[in-house]
Amino acid sequence: MSTSPTTLPASTQAPGRSIAAWWQAMPLSLVFVLFFLIPLALIGMVSFWDFNEYELLPDFTFKNYVSVFDGCSNMDEMCVTFKTYLSTFKFSFLVWLITLVIGFTVSYFLAFYVRSSGVQTLLFVLCTIPFWTSNVIRMISWVPLLGRNGLVNQSLQGIGLINTPIEWLLFSDFSVVLAFVHLYTMFMIVPIFNSMMRIDRSLIEAANDSGASAWQTLWNVIVPLSRTGIIIGSIFVITIVMGDFVTIGVMGGQQIASIGKIIQVQTSYLQFPLAAANAVILLSIVLMIIWALTRLVDIRKEL
Amino acid sequence: MTDITKTITDIASGVATGALNASVPRRSLLKGTAGILAAGMFPAVHSAEPIVLRYLGTAVNQDKAIGEKFEKDTGIKIQYVAVTTDDVTKRAVTAPNSFDLIDTEYFSLKKIVPTGNLKGIDVKRIKNADKITTLFTTGTVAGKAVGEQGTAPKKVIYLEGEKSKVFSKTPTQFMSLIPTVYNADTLGIRPDLIKRPINSWAELLNPEFKGKAAILNIPSIGIMDAAMVVEAMGIYKYPDKGNMTKKEIDLTIKTLIEAKKAGQFRSLWKDFNESVNLMASGEVVIQSMWSPAVTAVRTKGIACNFQPLKEGYRAWAAGFGLPATLSGRKLDGAYEFINWFLDGWAGAYLNRQGYYSAVLDTAKSKMEAYEWAYWMEGKAATQDIKSPNGDVLAKAGAVRDGGSYEARMGGIACWNAVMDENNYMVQKWNEFVAA
């Protein structure tokens with residue numbers, strides 16, 4: 001995120017260099033340093049510590065990192081860490097793709113098909129209604145619906161479509177992805193809708209006048225101009241899914257691996273250095289993904 | 001994003017407190033401050049304030065009715081801090097000043113006591129100390145020794161002194177925990193869906209129940225259940241299921257992974273309510289289960305057995321401990337609570353939930369004769385048996401699963417444990433979850 005040269009001369013005269021501005025920036029910076037940077041540094045530090053059953057032993061050892069990748073040189077069978085990351089990536093990708101398609105479609109409809117701004121606001125608020133209850137409740141409400149004797153199976157059996165209940169509806173990859181999509185599509189809709197609302201309508205008219213088909217307009221005008229929203233939404237969804245352990249736990253019947261779950265188990269057994277090493281690795285991977293995504297768009301400029 | 005940051009801050013706060021507690025000066029400093037306060041630097045404020053005890057434990061043992069009754073009897077307020085079993089240990093090790101009374105299981109002591117965060121409880125201040133059941137003090141039920149594989153309470157119940165960090169092999173004046181509740185766990189089954197007798201731990205991995213079985217996802221307890229299954233299947237006989245070698249852990253986890261890959265498990269469960277829901281909804285027909293969870297399924301009107309098995313039970317026991325820094329009126333209050341707890345009312349309350357209380361004599365005096373006969377003597381109920389809050393648990397004529405106290409507790413095969421190779425075990429358990 002480099003400062004572009006064109007803005008530099010302006011900022012030298014701007015009030016940005018005055019004492020007052022520093023004071024104004026301080027509260028947030030302090031909160032940021034205190035509750036984010038320092039804990040983060042501590043995690044980095046502890047990931048090099050040693051530990052036993054009940055104590056952390058200050059040290060400088062790579063033991064924790066080595067044990068995270070224990071057995072990963074074995075070519076016959078993938079090690080736990082790789083397997084876990086693979087499964088986490090799989091969920092991230094699937095959820096990203098589905099929420100993107102749904103989020104884009106919903107935003108497109110809201111932004112371009114709904115004419116009155118009153119109806120637009122109403123429909124937008126409608127999208128947020130699920131957020132009035134907590135994550136966990138929204139998740140758990142799927143269980144009686146999808147279960148072996150749940151509503152879906154009972155209805156299907158009732159109308160004679162199936163004889164035995166469908167088992168893969170619950171505690172499976174399917175239910176995990178379903179819950180994620182249900183929980184996080186909103187994080188796609190908001191930024192994409194926001195980007196779309198900024199698109200100058202005359203551009204679409206111009207495309208029409210030049211004889212572009214609906215698809216051409218969508219692909220060559222709207223998608224490129226919604227890019228910022230798409231990238232921001234993607235960052236939200238991918239980072240959430242990468243770190244999740246609650247949804248995968250509840251909807252996957254606690255038997256689907258996720259890197260967040262491993263960290264959680266390790267902290268509950270006081271293996272903080274191991275968990276810290278895992279957290280550092282996870283953080284680096286997520287940061288790399290975000291870095292790659294921000295290469296595609298200059299968020300600061302677009303906002 | 002929130003999940004990541006939450007995990008990170010959780011870890012960081014745990015680490016920060018852990019690191020601070022590791023340094024001795026801070027602790028003695030705090031002790032000093034507490035001492036000054038106790039000595040009455042603010043006498044007026046101090047005596048006017050009612051005592052509030054922060055009670056750290058799992059939600060299962062923290063009953064609202066017990067807290068209310070105690071406050072009514074003594075004027076001391078109990079403030080429940082409910083966390084999971086693993087988190088109780090974590091808090092005890094990393095933040096020992098965040099509670100005034102800890103309710104934890106004996107197996108956790110192997111992790112907590114060496115930190116010096118617990119104070120030995122002076123048996124002389126406990127009125128009913130000599131009436132505590134022999135299961136804890138000598139490891140016997142009705143004069144017969146029970147299994148002591150794993151962390152049997154008698155191995156860890158005595159400390160060498162009030163401030164000791166090591167367990168004493170012989171009885172002393174100081175106890176690490178004063179026992180409160182205990183039970184012997186086994187498999188829970190849905191007899192209406194299984195429709196045949198179940199009598200061995202091996203049934204948990206019987207392919208007949210493919211996709212309908214569940215196991216506990218608390219590694220240190222789940223591995224014990226798995227070990228019971230491995231022995232029952234005749235794969236291996238452990239010298240001590242509660243303290244496996246790396247090879248034995250590998251073998252146990254391998255058995256679990258094979259079963260998982262074959263689709264044996266419908267789900268794993270971690271908390272009480274999860275196990276109740278799995279069973280009640282019919283997602284699972286056989287799983288390792290806790291006795292009050294079976295009771296909870298039954299109060300919904302669904303048949304569920306806490307099935308006695310020929311290989312015996314996996315037992316657990318919980319008790320009250322005091323943080324090392326507790327002093328003054330709060331310490332007195334904590335002793336008062338422990339004494340009140342052993343005095344019968346709470347014991348009877350727990351017995352009626354299907355647990356056992358540590359002092360049986362006092363509990364008996366607070367129970368009806370027919371209740372005692374049903375819960376403790378394994379006799380058929382002469383009238384409907386009700387839970388403490390009035391739900392019918394068993395109709396007249398029913399007999400308790402597992403029979404009498406002596407039959408059940410005498411059948412203990414092993415105890416919940418923390419192994420020497422615990423770190424390795426947790427790592428392998430993660431492999432099982434990821435497989």
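Helices and strands here are DSSP runs, numbered from the N terminus: a helix is H or I over at least four residues, a strand is E over at least two.

## Ground rules

This is a predicted model, where local features need pLDDT of at least 70 and side-chain atom pairs count only at pLDDT 80 or more, while totals for chains, interfaces and linings use all residues. Residues are numbered from 1 along each chain as its sequence is written, chains are lettered from A and ligands numbered from 1 in the order written, and side-chain values use heavy atoms, leaving out hydrogens and water.

## Chain A and its annotated spans

Let's start with chain A. An unreviewed UniProt entry lists "transmembrane region" for residues 27-49, 93-114, 121-143, 174-193, 230-252 and 272-293 of chain A. UniProt positions follow the numbering used here, feature names are shortened, and annotations may be inferred rather than shown by experiment. Take residues 121-143 of chain A: that stretch is 65% helix and 0% strand, with its end C-alpha atoms 32 Å apart. Residues 272-293 of chain A are 100% helix and 0% strand, and the end C-alpha atoms there sit 31 Å apart.

The unreviewed entry in UniProt also lists "domain: ABC transmembrane type-1" for residues 85-293 of chain A. This span is 77% helix and 0% strand, and its end C-alpha atoms lie 19 Å apart.

Two strands count as paired if DSSP finds at least two bridges between them. S8(B) and S9(B) (residues 174-175) pair in the antiparallel sense over two bridges, and Tyr158(B) has Met175(B) in S9(B) as its bridge partner.

## Where the chains meet

In all, 51 residues of chain B are in contact (heavy atoms within 4.5 Å) with 47 residues of chain A. About 4,400 Å² is buried between chain B and chain A, with carbon and sulfur atoms giving 60% of that. Buried area is the accessible area (1.4 Å probe) that two parts lose on being put together, summed over both.

One salt bridge is counted between chain B and chain A; the term means a side-chain nitrogen of Lys or Arg within 4 Å of a carboxyl oxygen of Asp or Glu. It joins Arg266(B) to Glu167(A), whose closest N and O atoms are 3.6 Å apart. Several elements of chain B each supply at least two residues of the side that touches chain A, including H1 (2-22) and S12 (265-269). H1(B) gives the largest share of that side, 12 residues.

## Salt bridges overall

The structure holds 28 salt bridges over all chains. One of them pairs Asp100(B) with Arg54(B), the closest N and O atoms being 3.1 Å apart. Asp100(B) is in the loop between H5 and S3 (101-105) of chain B and Arg54(B) is in S1 (residues 52-57) of chain B, so the pair ties together parts 46 residues apart in sequence.
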